[in-house]
Amino acid sequence: MAARSVRRLGRGLSLGSLCFRGSSRVFSTAAQQRSTGDECGPEDPHDEPKHPLSDCAIKHKAIKLEEQVRDLTERYRKALADSENVRRRTQKFVEDAKLFGIQSFCRDLVEVADILEKTAESAAEEAEPSNPNPTLKKIYEGLSLIEAKLQSVFAKHGLQKMNPVGGKYDPYDHEIVCHVPAEGMQPGTIALVTQDGYKLHGRTIRHALVGVAVESQE
């Protein structure tokens, strides 16, 4: 009897041990599943896809983009216009520099022309037909040729002498040095020239010194 009781007790202990092992395995598997479930929990809300923009928001954004395009286009056109204006001004400046670069030189050269003209006039007075001196006559002829050639060179480079006698007074071209009685001339017109004026390509580089006719006071 004692031996049977011992054998039954041993079997019970073996079955208990097996049950305990099975239970522990079940608990271990459940724990692993819970652990795995925790690791594979719900995704971060920040990683969720964003909702698409509404039609109103898209239209509003399109309007803003159109306004930006118009603004940039207007700025581009203004920049092109400014660039063209700068190019034209630069071109005009270069052309003027080519035309009027000799302006100072011409001012000095017309003074030489004045001296030559006065010398030729003096020689002409001395070389009158009543004076038989052939040397003065040759000097006068030579001075006349030089003066004519000089005026031809002036005209070639755009330098022209004014001939204002009989014309209207122009403050941009003339400078009044005296008034003379209007004898057969309309008052306000130029009666005489004491110093010739010159223009370079239409621009006055030296004013003509003139006498203007005025009504005589009786």
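Student: What do the buried residues of helix 4 pack against?
Tutor: Keep in mind that this is a predicted model. In helix 4, the buried residues are Leu143, Leu150 and Phe154. The elements that these buried residues pack against are helix 3, strand 1 (159-161) and strand 4.

Student: Is serine 144 buried, partly exposed or exposed?
Tutor: Serine 144 sits in helix 4. Buried needs under 20% relative accessible area and exposed needs over 50%. Serine 144 comes out at 25%, so the label is partly exposed.

Student: How far is serine 144 from leucine 116 in space?
Tutor: In sequence, serine 144 and leucine 116 are 28 residues apart. From C-alpha to C-alpha, the distance in space is 8.8 Å.

Student: Which element gives the largest share of the largest nonpolar core?
Tutor: That core has 14 residues, and Phe154, Leu159, Tyr198, Leu200 and Ile205 touch the most other members. The largest share, six residues, comes from helix 3.

Student: How many residues are in the other core, the one apart from it?
Tutor: Among its members are Met162, Ile190, Val210 and Val212. Met162 is also touched by Tyr198, whose other contacts include Val110, Gln151 and Phe154. The residue count of that other core is five.

Student: Which element gives the most to the lining of the largest pocket?
Tutor: The pocket has a volume of about 180 Å³, and its lining includes Asp114, Glu117, Lys118 and Glu121. Helix 3 (103-126) and strand 3 (190-195) each supply at least two lining residues. With four residues, the one that gives the most is helix 3.

Student: How many charged residues does that lining have?
Tutor: Val193, Thr194, Gln195 and Asp196 are also among the lining residues. By class, one residue is nonpolar and two are polar. The count of charged residues is five.

Conventions
Residues are numbered from 1 along each chain as its sequence is written. This is a predicted model: local features need pLDDT of at least 70, side-chain atom pairs count only at pLDDT 80 or more; totals for chains, interfaces and linings use all residues. Side-chain values use heavy atoms; hydrogens and water are left out. On a 1 Å grid over the protein atoms alone, a cavity is a set of points where a 1.4 Å probe fits but cannot get out, and a pocket is an open set with protein on both sides within 12 Å along at least five of seven lines; lining residues have an atom within 4 Å of a point. Grid points are joined across faces, edges and corners, and a volume is the space filled by probe spheres set on the points. Ala, Val, Leu, Ile, Met, Phe, Trp, Tyr, Cys and Pro count as nonpolar, Asp, Glu, Lys and Arg as charged, and the others, Gly among them, as polar. A nonpolar core is a set of buried Ala, Val, Leu, Ile, Met, Phe, Trp, Tyr and Cys residues joined through side-chain atoms within 4.5 Å. Buried means under 20% relative accessible area, exposed over 50%, partly exposed in between (1.4 Å probe, protein chains only). Contact means heavy atoms within 4.5 Å. Lists of a residue's contacts leave out its neighbours within four places in sequence.
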